[in-house]
Amino acid sequence: MITFIIRRLFIAIPTLVIISLVVFLLLNLAPNDPMAQVPLTVPPEVKQKMREALGLGQPIHIQFFKWLVQFFWIEPQVLFDYLFNTTFSEGKQRIISWQTRSPVMDIVVQRLPQTLWVVGMSYVVGILIALPIGLYSAYKQYSIFDNVGTFVSMIGYSVPPFFSGVFVIVIFSVQLGWLPSIYDTTHTVVDWETFKFQVKQMVMPVMVLALQTTAQINRFMRSASLDNLNQDYVRTARAKGLTEWTIITVHVLRNSMIPVVTVIAINVPYIFGGALITEQVFKVNGIGHQLIGAIYANDLPTVQTITFMFAFLIVSFNLLADIIYGLLDPRIRYD
Amino acid sequence: MIEERNKERVGSLYRDVWDQFKKHKGALFGGVVFLLIVISVIVGPFLWPFEANAIDIRSRNQGPSFIHPFGTDQLGRDTLARMLAGGRTSIAVGLCAMALTIFLGTFIGVTAGFYKRLDGPLMRLTDLFLSLPLLPLLLVMMLLFREPLSSAYGPERGMFILIVFAIGITSWMPTARIVRADVLALKEREFVLAAISSGSSNSLVVRRHILPNVLSPILVSATLGIANGIITESALSFLGLGFPPDFPTWGRLLNDAVDYLQQYPERVFWPGLCISLTVLSVSYLGDGLRDALDPRMRKR
């Protein structure tokens, strides 16, 4: 197991480097100019100086190397300084956003809680809905419940979040006026009333994202439970005279969770991708919103950093899923 | 004689698939709905008297009426005409992106499965692509290559090429993996060994013996590819990074309707419904095809 983890880590690192190179080159070889917005009255030699100040004058491999150093060496130092009140990063060049002229990571840290709060909550809700439905669908295969469940997960797959989100806004905000359509990120919870408002404004984005999660996890849970329900150990448990409840919750559920847990782990980064659109629909001031704003504003350092953070999440959660799978299922041997 | 018998057997195989497919109610329904949508967006613009971009400012913001069954938008353009024209683009993008996805996926999958030397590198490449954050990269590609392609091929055609190409190169990976796995299994089968040992060239073996046998996973990924293409195009248009504003697609119409959400909430309904219905029908179609093409999946 340990050798497997080490081997996987050694594959993950070059993968990450290549991905960062892809992201970097895609953005840097593209025909656009951060100085395009600067007025034409600014003389060319001043423009050239401004370009150099942004670090654009150097050859591309040096830019890439500098960016890598900033991302993997200087930014972690900043985090370390912040946590332990040290001064390792003082005077070192951080990744600066062209849009706001402040370090990209500072903005990311400001935006991340909103995303995590909404996305994380929706993921938990989606899983909690999906697991019992999937299990019961498998237990009563081809029943009405099963067919309805399959249909609902089909809908969850087919209805894109930019429609389901807008649709619930039309119903609950415009027609009924029950829920706010825009997520207020400045809202802080201090008492019962503000808590109620927080719940109200979170209901719609969370449910829209949860529908997608539910659709996916439900299908996996159903097929995993179906596999297990036909196993011999279930028949043995029945022959022993255990109640159906015990058989389902103790034996089938626990064994079916093995593949489902890995799917849950693998899907975490993709939820951030889906949140990109949901954040746009509900105007949640999160990290996806920041990315899209940066894309519109041609803010390369921010786009690079956030895109690469997504890639980093994908690679690490894939790794995590493999490790969990090996730990949960003793039949799996990697070496 | 032998050829005749072969023909008969081929016919009966497809008949068998069709029989199985017919039994799957959802798939049949999905197929019919998808076909209806495709026919109506192809034929509809010829029959419907209003142009998608004809501005009639006097009759703007109308509700549903006999002349405009879906109403008109803020410039007095007929919503039904725009829906039909938008559907044309959305479905065309879905089909073209699917074709590119399938081509790339099959090519890489067959190459990796058939040539042992290329297997490792190609599969690492697939893993790498699977680790890329696709939606952000798609957005970035839209932003960066929009202008050069627009100036080279005109705003609409340039955007079409860009979107199809971008979707194609970001969604071939699952197809490639499935096809590779099937090819690896097929390569060890006797009829392929026989074909190789009787001196058939590699390309003949692939065309004659491998490709027909991996057709079923390819068809299933094709249906998924259409759904994926339509959803991705709508998402890009919805985020404002798709087709130009005056060029209707379902995602674009939905995006335009969101601006008038408070005044005319019913406008978001039609494009959203069309996207969802198309994707739902295609997914059911794919489900039925998978069951029909794979005898092991059938309910006994």
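Basis. I am working from a predicted model, where local features need pLDDT of at least 70, side-chain atom pairs count only at pLDDT 80 or more, and totals for chains, interfaces and linings use all residues. Residues are numbered from 1 along each chain as its sequence is written, with chains lettered from A and ligands numbered from 1 in the order in which they are written.

Chain A. I looked up the secondary structure and found eleven helices and zero strands (DSSP runs numbered from the N terminus: helices are H or I, at least four residues; strands are E, at least two). The C-alpha trace spans about 85 × 60 × 40 Å along its principal axes. Of the 335 residues in chain A, 35% are buried (20 or more other C-beta atoms within 10 Å of the residue's own, with C-beta atoms placed from the backbone).

A–B contact. I find 38 residues of chain A in contact with 30 residues of chain B (C-beta atoms, placed from the backbone, within 7 Å). The chain A side has 30 nonpolar, eight polar and no charged residues (nonpolar: Ala, Val, Leu, Ile, Met, Phe, Trp, Tyr, Cys and Pro; charged: Asp, Glu, Lys and Arg; polar: the others, Gly among them).

Conventions: Two residues are in contact if their C-beta atoms, placed from the backbone, lie within 7 Å. A residue is buried if 20 or more other C-beta atoms lie within 10 Å of its own, exposed if 12 or fewer, and partly exposed in between; C-beta atoms are placed from the backbone.
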